[in-house]
2 protein chains.
Amino acid sequence: MKYPNSRKTYSKPKVAYSNRGMSLEKAINKTNSNYLTDNIALIYKKPTPIQVVKVDYPKRSAVKIEEAYYTVASTTDYSGLFMGHYIDFEAKECSSKTSFPFSRIHQHQIKHLENVNKHGGIAFIIIRIKILDKDFLIKVEDYVNYVNNSSRKSLPINWIIEKGYEITYNYTKPCDYLETIKKVYKI
Amino acid sequence: MKYPNSRKTYSKPKVAYSNRGMSLEKAINKTNSNYLTDNIALIYKKPTPIQVVKVDYPKRSAVKIEEAYYTVASTTDYSGLFMGHYIDFEAKECSSKTSFPFSRIHQHQIKHLENVNKHGGIAFIIIRIKILDKDFLIKVEDYVNYVNNSSRKSLPINWIIEKGYEITYNYTKPCDYLETIKKVYKI
C-alpha cells in the first residue's frame with residue numbers, strides 16, 4: 001500500500017521514540033545527568049587528561065593556558081557508583097557493518113577494566129552498532145575471553161549481538177545501561 | 001649535652017622515617033601508585049578539568065591546544081575502588097596552627113561526598129596539619145555535622161585531632177589511608 005507523504009510518516013516517529021539523533025557520548029552524558037538528578041547513581045565522564053606546558057597570568061585571578069597537549073588516557077571514559085557498586089566502562093561507536101576492531105580499545109584500558117573486575121567492581125564496554133542503531137553492553141571478561149581465543153583482529157557484529165546485552169533507552173535516558181546492569185549482574 | 005654536628009644528626013633521621021619532604025598531593029599519589037602495584041586498590045587522581053578554547057593542528061597526528069582555562073572541579077580530587085568499595089575523597093593541607101576554614105572545600109564538593117555516602121560509597125576528607133606533620137581522615141558525615149551545628153567558619157585543629165582518624169605512613173605509602181579505612185569502616 002502507498003500512502004501520501006509516506007516517507008515523512010515513517011521517519012518522524014523513529015526519531016521521536018529513539019532520541020538517537022545524538023552520539024553515543026551525548027546519549028551517555030544525558031543519561032548520567034538524569035541518573036544524578038533522579039538520585040539513581042553517580043556516574044561521571046572522566047575529564048580528558050591534558051598536559052599543560054605553558055601558562056600565562058593575564059590577571060591575578062585567571063590562569064590562561066597557552067600551550068598544552070592531549071595525553072593518552074590511562075584508564076577509561078566513565079566511572080561511578082551505583083547502589084554500592086563501583087562502575088567502570090569504556091564506550092565506542094562502531095560504524096562497520098561486520099566487525100569491531102580490537103585496536104579501538106587500548107590494551108591498558110582492558111587491563112584497567114580487568115583490574116576493576118578483580119577488585120570487586122563492575123567493568124564493561126558499551127558498543128553502539130550504528131547500522132542497527134542499537135547499544136550493547138559487553139562484560140569485560142567476555143571481551144577478553146574472545147580476544148584470547150581468537151586469531152581474528154576484531155569482534156564480529158554477530159558475536160556482539162549474541163554475547164552482548166542490548167541496552168534499552170527512553171527519552172530521558174537515551175542509553176539506560178543501569179537497567180541492563182541490574183539484570184545482567186543481578187543487583 | 002652537646003654533640004658535634006648535632007643538627008645534622010637530628011634532622012636526617014626525621015626525613016628518612018617520615019618521608020614527608022613531599023606535599024600531601026605527592027604523598028597520596030605515591031601511595032596510590034603503590035596500592036596499584038601491590039594489587040591493593042585502584043585509586044586515581046581525577047584529571048583537572050580544562051576548558052579548551054582554541055586548538056591548532058601543526059601536524060596531522062598532533063593537536064596543540066593554544067588557549068584553554070582551568071574550570072572549577074565539579075567533584076573531588078580522588079576516587080577509586082578498594083575491596084569492592086567505592087572510595088571518594090578530597091585532600092587539603094592546613095597551614096594554620098588553630099583551624100581549617102570551611103571555605104577551603106567547596107559546597108558542591110561536600111554535596112558530592114554526601115551523595116557518595118548515600119549511594120553506598122565511602123566518602124571522606126584528608127587534612128594534613130602541617131604544624132604537626134600529621135594527616136587525619138575525617139568522615140564526611142562528621143564534617144557536615146560540625147558545620148551544621150556550629151556558628152564558626154572553620155574546624156578547630158583540636159576537633160580534627162579528636163574526631164579525625166590519624167593516618168599512618170611508611171616509606172612506600174607515605175599516606176596509608178586505606179589502613180585507616182579498614183579500621184574506621186570495619187572492612
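Is Lys64(A) buried, partly exposed or exposed? Lys64(A) is partly exposed, because its relative accessible area is 22% and the buried class ends under 20%. This report covers a predicted model.

## Two copies

Start with the overall arrangement. Chain B can be laid on chain A by a turn of 180°. The shift along the axis is 0.0 Å, and the RMSD is 0.0 Å. The two copies are thus related as by a two-fold rotation axis.

Where do the copies meet? Of the interface residues of chain B, 100% are also interface residues in chain A. The copies therefore meet through the same surface.

## Salt bridges in chain A

The search over all chains finds 18 salt bridges in the whole structure. One of them joins the side chains of Lys64(A) and Glu66(A). The distance from N to O is 3.9 Å. Glu66(A) has a relative accessible area of 27%, so Glu66(A) is partly exposed. Lys64(A), at 22%, is partly exposed too.

## Salt bridges in chain B

In chain B, the side chains of Glu66(B) and Lys54(B) form a salt bridge at 3.8 Å, N to O. Glu66(B) sits in strand 3 (residues 64-70), and Lys54(B) sits in strand 2 (residues 50-56). The pair therefore ties together parts that are 12 residues apart in sequence. Glu66(B) is partly exposed, at 25% relative accessibility. Lys54(B) is partly exposed as well, with a relative accessible area of 44%. Over in chain A, salt bridges that share partners join Lys54(A), Lys64(A) and Glu66(A) into one network.

Another salt bridge in chain B joins the side chains of Lys173(B) and Asp38(B), at 2.8 Å from N to O. This pair links distant parts of the chain, 135 residues apart. Lys173(B) is in the loop between strand 10 (165-167) and helix 6 (177-184). Asp38(B) is in the loop between helix 2 (24-37) and strand 1 (42-45). Asp38(B) is partly exposed, with a value of 40%.

## A buried serine

Ser154(B) lies in strand 9 (residues 154-156) of chain B. Its relative accessible area is 11%, so Ser154(B) is buried.

Which residues does Ser154(B) touch, leaving aside its neighbours within four places in sequence? The contacts are Ser99(B), Phe100(B), Pro101(B), Phe102(B) and Tyr146(B). With Ser99(B) there is also a polar contact: the two side chains are joined at 3.3 Å.

## A surface patch and a loop

Val55(A), Tyr57(A) and Tyr70(B) make a nonpolar surface patch of about 310 Å². Val55(A) belongs to strand 2 (residues 50-56) of chain A. Val55(A) is partly exposed, with a relative accessible area of 31%.

Leu132(B) is in a loop of chain B, between strand 7 (122-129) and strand 8 (134-139). Leu132(B) is partly exposed, at 38% relative accessible area. How far apart in space are Leu132(B) and Ser95(B)? From C-alpha to C-alpha, the distance is 9.9 Å. In sequence, Leu132(B) and Ser95(B) are 37 residues apart.

Notes
Residues numbered from 1 in each chain as written. Chains lettered and ligands numbered in written order. Predicted model: local features only at pLDDT ≥ 70, side-chain atom pairs only at ≥ 80, totals over all residues. Heavy atoms only, no water. Least-squares fit on C-alpha atoms with pLDDT ≥ 70 in both. Contact = heavy atoms within 4.5 Å. Helix = DSSP H or I, 4+ residues; strand = E, 2+ residues; numbered from the N terminus. Buried < 20%, exposed > 50% of the residue type's maximum accessible area, 1.4 Å probe, protein only. Patch = residues over 30% accessible without salt bridge, like charges linked within 9 Å, V, L, I, M, F, W, Y side chains within 5 Å. Areas by Shrake-Rupley, 256 points an atom, 1.4 Å probe, with all protein chains shown as cover. Salt bridge = Lys/Arg side-chain N within 4 Å of Asp/Glu carboxyl O. Polar contact = N/O pair within 3.5 Å; in protein donor to acceptor, adjacent residues only side chain to side chain.
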